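These are my notebook entries on one structure. I record below what I looked up, topic by topic.

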Amino acid sequence: MTLDIKPLSTNVGLEISGIDLDLPIDGDTSKALQDAFIGSGILLFRRAGTTPEAHLALSRCFGELQRHPVKENWVAGYPDLVDISYRPSSQGDSSVALYEVDGKRLGGWLPWHSDLIFMNKINRGGILRSLRSPREGGRTGFIDQIVTYDTLPEPLKRRIENLDVIYQIRPDFTQEKFGKPKSLKLIENAPALKAMAARIDRDFPPVLHPMVYAQPETGRKVLNISPTSAIGIYEMQNAEGDALLEEIVSHSLNPAFAYYHDWEENDLVLWDNWRTLHCAEGVPEDCVREMQRTTITGDYALGRRLSDVAA
């Protein structure tokens, strides 16, 4: 296949066209896709995900797939696909939460985060596919943390070079310390998160991840910060540390760094979870947004349990 590759936005990603996912992906095409993935971290394939098989075939170009731990969210007949749709309660159970954000009720809203940052082992990435777009809202945002690191002032780069952040999951985003909207209310939580609340300390103890690391393939520095689930800086567990982390988060979430994707049916977006933040802006509570995703396995081997460090 002959791929057409062009920038997706000023600071984020590439758009890939010329790929036919109904045909086998040859070795040269697979190598070109992998190189683009390492180079940019975000790849958009417009209207290319016409079937679950196409979604899965593209995902497997980038690694083995990991099944979601909540089997109830598996797509029927495709256990490597997970349903992350939002549907009003009148149209069946939703697999995602309902929040009030700045006075608006939004289904499927998610703050800026890296997947599984609350675990000592993370995943490599994933591919989202749109099946049904809402009449309003529903965009997904992406931020490239190689770009955010490069734009940090040099004194801040030196200050955070050898620091670690403590993370622990919170099933209610109103409990987050960093990066959340000033006006945020939980209206109805997702069933899986409700069930998780009673076993947080047992099953999801605190972990550490470095604030900065070098991309293995290129040596480029990554600002490795997830506002969601962040507790504080391990080496500075005080007001000074919280202020420093708040400053870094504020820099990372500058709107100038973000790309928001307006979904069309069968769009596919791949993101590198080792270097990007993503968020979901949500939809009005009476809308339907149907999405599926794969998870690409692969840990960067830099996370640690807090108990192991403190021992």
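I call a residue buried under 20% relative accessible area, exposed over 50% and partly exposed in between, with a 1.4 Å probe and protein chains only. The model is predicted: local features need pLDDT of at least 70, side-chain atom pairs count only at pLDDT 80 or more, and totals for chains, interfaces and linings use all residues. Residues are numbered from 1 along each chain as its sequence is written, and side-chain values use heavy atoms, leaving out hydrogens and water.

Entry 1, aromatic rings. I paired rings of Phe, Tyr and Trp (its six-membered ring) when their centres lie within 6.5 Å; planes under 30 degrees apart count as stacked, over 60 as edge-to-face and the rest as tilted. The structure holds eight such pairs. I looked up Trp-109 and Phe-173: their ring centres are 6.2 Å apart and the planes stand at 75 degrees, so this pair is edge-to-face. It links distant parts of the chain, 64 residues apart. Trp-109 lies in the loop between strand S7 (104–107) and strand S8 (110–113), and Phe-173 in the loop between S11 and strand S12 (184–188); I take helices (H or I, at least four residues) and strands (E, at least two) as DSSP runs, numbered from the N terminus. Phe-173 counts as buried at 11% relative accessibility, and Trp-109 is buried at 8%. With Tyr-99, these two residues form one aromatic cluster.

My criterion is NZ of Lys or CZ of Arg within 6 Å of the ring centre and within 35 degrees of the ring normal. The charged end of Arg-124 sits over the ring of Trp-274, 3.8 Å from its centre. I also noted Arg-67, whose charged end is over the ring of Trp-74 at 5.6 Å from the centre.

I define a core as a set of buried Ala, Val, Leu, Ile, Met, Phe, Trp, Tyr and Cys residues joined through side-chain atoms within 4.5 Å. The largest has 29 residues, of which Ile-160, Met-211, Ile-225, Leu-244, Leu-245 and Ile-248 touch the most other members. Among the elements giving two or more residues to this core are H3, helix H4 (154–160) and strand S19 (276–280). H7 gives the most, with four residues. Another core, of 23 residues, lies apart from it and includes Leu-33, Ala-54, Leu-56 and Leu-268.

I searched for cysteine sulfur pairs within 2.5 Å as disulfides, and the count came to zero. The sulfur of Cys-279 is 17 Å from the closest cysteine sulfur, in Cys-287, and therefore too far for a bond. Cys-279 is buried at 7% relative accessibility, and Cys-61 is buried at 11%.
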